[in-house]
2 protein chains.
Amino acid sequence: MVAIDERRLLRRLDELAQRGALPGGGLYRALYTPAWVSATELVSGWMKEAGLLVRRDAVGNVWGRVEGSRGGRAIVTGSHIDTVRGGGALDGALGVVAAVEAVASLVSQLGRPLRILEAVAICEEEGSRFNTNFWGARAIADRIEPDEASRARDADGVTLADAMRGVGLDPANVAQAIRRDIDTFVELHVEQGPILEEEGPRLGVVRTIVGTAHLEVVVRGQPDHAGATAMDRRRDALLGASAMMLAIADVAREMGPPAVATVGTIAVEPAQVNVVPGLARFTVDARHSDNAQRTLLVADITRVCKVAGRERDLSVDVRTLRDRPAVQLNERAADVARRACLACGVAPRDMTSGAGHDAQVLSAAAHAAMIFVPSIGGRSHCPEEATAAEDVILGTRALAAALRDLAYS
Amino acid sequence: MVAIDERRLLRRLDELAQRGALPGGGLYRALYTPAWVSATELVSGWMKEAGLLVRRDAVGNVWGRVEGSRGGRAIVTGSHIDTVRGGGALDGALGVVAAVEAVASLVSQLGRPLRILEAVAICEEEGSRFNTNFWGARAIADRIEPDEASRARDADGVTLADAMRGVGLDPANVAQAIRRDIDTFVELHVEQGPILEEEGPRLGVVRTIVGTAHLEVVVRGQPDHAGATAMDRRRDALLGASAMMLAIADVAREMGPPAVATVGTIAVEPAQVNVVPGLARFTVDARHSDNAQRTLLVADITRVCKVAGRERDLSVDVRTLRDRPAVQLNERAADVARRACLACGVAPRDMTSGAGHDAQVLSAAAHAAMIFVPSIGGRSHCPEEATAAEDVILGTRALAAALRDLAYS
């Protein structure tokens, strides 16, 4: 077993949770914001303290590296440093802090590895600011679209390119972040669901990451005076959207687990207390681990929206913002993760992740594996997101054991 | 009959509609904004052209006055100069332009009246910027609450007091706008509903203005990860709000006309595509011409929200933002308006207004009457708001006839 510094691990999780903490609880570390800069500098400092060679790549991923005596392709561990708005202290952060802890512990106890070993804090996964999910991992895996940085804008109209310049990055250099020399990527993450907590065991190894479609639904009716327009003369876009949102949830329920569908954002126009909404615009997040079922789920969601629109004389446009298929993670890398869990005394559960992860993008460029630890109450993307300290420690030990297997033998 | 300058009337309506015109259609003249300043200056110019004594009062209502040979209490006509966001060219504006036209025509053809005669452009009625409906008429009728100007804020956090200072008004002087010397207020307005267009005649006289309650409903559930949280484990605040919004519309439909209930605004938190909404906040506008029925409507709306919340394990708070009772307009003033319509060849319909109007507030300080002209398609609070030119002219003639009756005999 590799010993880790448990107190340092937990203390650093707390320290990182201060970066981007919101006054009302929860935190928000959005890409290229001051909170994000502060967080990446904190992680850089830890990497330097461990004697790693630290560099920030062309999109702001922070890498800490130790050379391997045999050279060759690299063994990498890490996760993302950004959070959703109002998110918790562990989504992404656990995988970053545990990566630094595991690599530092291995190097201090076992010296130079046979293979190159790296910890990475990936700049962005959540898409919370620019709606550019997996920006960091996609830059590594050569999946950035041409001109993406100049097209993507945040809610204030700032382009991703300008935000990069604001933190000293040149959007013309994005391609320099590409890595073609990664052998295996191992990511430790909180489950973000209730299965490990309720059914055990305390560790999981991910086999499949669900496919996710994001839709935008625009409902157009007729704005009218809220006092002078009788109920039966209205073409109320928000009432139509209400019927659609209920129908969308029913579609996912009827399809059964693991199908999920979520309306997370909605806006109406003209958005006045005394005006019947003439337009409603909402997003749908629809997921399934089976690609054919995901396609069916999206088709059913589109259908129920159209039906509800026809019933209420509303026009309905459904547009696909993105549609990412389910990803099967590498079986050999999963075997390494399983052996590492067993070495920590836990026979892990094979799992399907309902959440997207950097590992799914990096699986296009490397063997990728993921280890899950339990989430208390299954909660995530909220201030209450938490994992028992003993599980944080156990997961980090399993991560270190997997990296030892990969980089030292 | 008093002759009016029909071409000038229609041209001025067009001119005023340029003030605050939005690039995408419709217009927005919000209180104390540059568009509002420009509109009030335009109206001031017309009043001066008619030889009226023009003054801007302590809240920015613009008055044009001609003294009466007998003195005494004043005869006033007018409406509001502000609009809702994305509103049309006539709501308020018709009553302002027609007031100037009618007074100018009377003075030029009949000379000095027996009684003081005034046209007024009331600064704000819609509450679109500060949620301070009837700000202008309430200032005249001594219905402003202490510190209201320093408490009310727009969406950018600007206080009403600061917005006043920005256009050269001193919030400390608000009480100087009070008028205790108005005998009768006559307001010409578009119906904003379909009755006159569909059933005739072309003129209506308002008997009752409905009571309006504004509620805020806050629904609290639990924010969760959209991918990792199974459908049956969610406490989705927006799904609960959807059920509530449909139930609220059903309550108004079941109560039957003239009950109406409208959800015009909604927001969710954390408002992320991939997060189950933990909070939804929406407004309800509920109206009825009968005060007991309005109270029942509000109680039923509150009840169905609570029931939907219980069914979904959501907490629900319903708060009354304002609750204004129905207003019966003055019967003698209505008789004057009826005679004026008859003098124009139309036996007017007695009407209930589903919309609120300055006349309802001024009815606390003066005899108040309203004349309605048809709205094409019943549309209002939208760019399509329109009235046939011949009806605009007819309504202005009727207004002039009423003012002649009141001020010259």
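Guide: The centres of domain 1 of chain A and domain 2 of chain A, taken over C-alpha atoms, are 34 Å apart. This is a predicted model. Domain 1 covers 6-210 + 326-408 of chain A, and domain 2 covers 211-324. The contact between them involves 6 residues of domain 1 of chain A and 10 residues of domain 2 of chain A. On the domain 1 side that touches domain 2, 2 residues are nonpolar, 4 are polar and none is charged.

Now the chain as a whole. Chain A holds 12 helices and 16 strands. Its radius of gyration is 23 Å, close to the 22 Å that the globule rule gives for 409 residues, so chain A is as compact as a globular protein of that length. Along its principal axes, the C-alpha trace of chain A spans about 80 × 45 × 35 Å. Of the 409 residues, 61% count as buried. Take the contacts in chain A with a separation of 6 or more: residues 24 or more positions apart account for 77% of them.

Start the close look with strand β16, residues 367-373 of chain A. All 7 of its 7 residues are buried, so β16(A) is largely enclosed by the rest of the structure.

β16(A) has partners. Strand β5, residues 182-190 of chain A, pairs with β16(A) in the parallel sense over 7 bridges. There, A:E187 has A:M370 of β16(A) as its bridge partner. Strand β6, residues 204-209 of chain A, runs antiparallel to β16(A), and 2 bridges join them. In this pairing A:G204 stands opposite A:F372.

Next, strand β2, residues 62-66 of chain A. Here 4 of the 5 residues are buried, so β2(A) is largely enclosed by the rest of the structure. Strand β1, residues 53-56 of chain A, is joined to β2(A) by 4 bridges and runs antiparallel to it. A:R55 stands opposite A:W63 of β2(A). The two strands, β1(A) and β2(A), form a hairpin with 5 residues between them. In the turn, A:G60 has a positive phi of about 100°. β2(A) also pairs with strand β4, residues 115-122 of chain A, in the antiparallel sense over 5 bridges. A:V66 has A:L117 of β4(A) as its bridge partner.

Then helix α3, residues 93-110 of chain A. α3(A) has 18 residues and reaches 25 Å from its first C-alpha to its last, close to the 26 Å expected at 1.5 Å a residue. The helix is mostly covered, with 14 of its 18 residues buried. After α3(A) comes A:G111, whose phi is positive, near 75°.

A:A99 is found in helix α3 of chain A. Is A:A99 buried or exposed? The cut-off for buried is 20 or more other C-beta atoms within 10 Å. A:A99 has 29 other C-beta atoms within 10 Å, so A:A99 is buried. Leaving aside neighbours within four places in sequence, A:A99 is in contact with A:T77, A:G78, A:A119 and A:V120. A:A226 is another matter. A:A99 and A:A226 are 127 residues apart in sequence and 57 Å apart in space, C-alpha to C-alpha.

Last, the partner chain. The contact takes 58 residues from chain B and 58 residues from chain A. On the side of chain B that touches chain A, α8(B) gives the most, with 9 residues. That side of chain B divides into 28 nonpolar, 22 polar and 8 charged residues. The 19 residues of α8(B) should span 27 Å at 1.5 Å a residue, and its end C-alpha atoms are 27 Å apart, which agrees. Just after α8(B), B:G256 takes a positive phi of about 85°.

How values were computed
Residues are numbered from 1 along each chain as its sequence is written. Chains are lettered from A and ligands numbered from 1 in the order in which they are written. This is a predicted model: local features need pLDDT of at least 70, side-chain atom pairs count only at pLDDT 80 or more; totals for chains, interfaces and linings use all residues. The expected span of a helix is 1.5 Å times one less than its number of residues. A residue is buried if 20 or more other C-beta atoms lie within 10 Å of its own, exposed if 12 or fewer, and partly exposed in between; C-beta atoms are placed from the backbone. Two strands pair if DSSP finds at least two bridges between them. Two residues are in contact if their C-beta atoms, placed from the backbone, lie within 7 Å. Ala, Val, Leu, Ile, Met, Phe, Trp, Tyr, Cys and Pro count as nonpolar, Asp, Glu, Lys and Arg as charged, and the others, Gly among them, as polar. The radius of gyration is taken over C-alpha atoms; the globule rule is 2.2 Å times the number of residues to the power 0.38. Domain bounds come from an automatic or database domain assignment.
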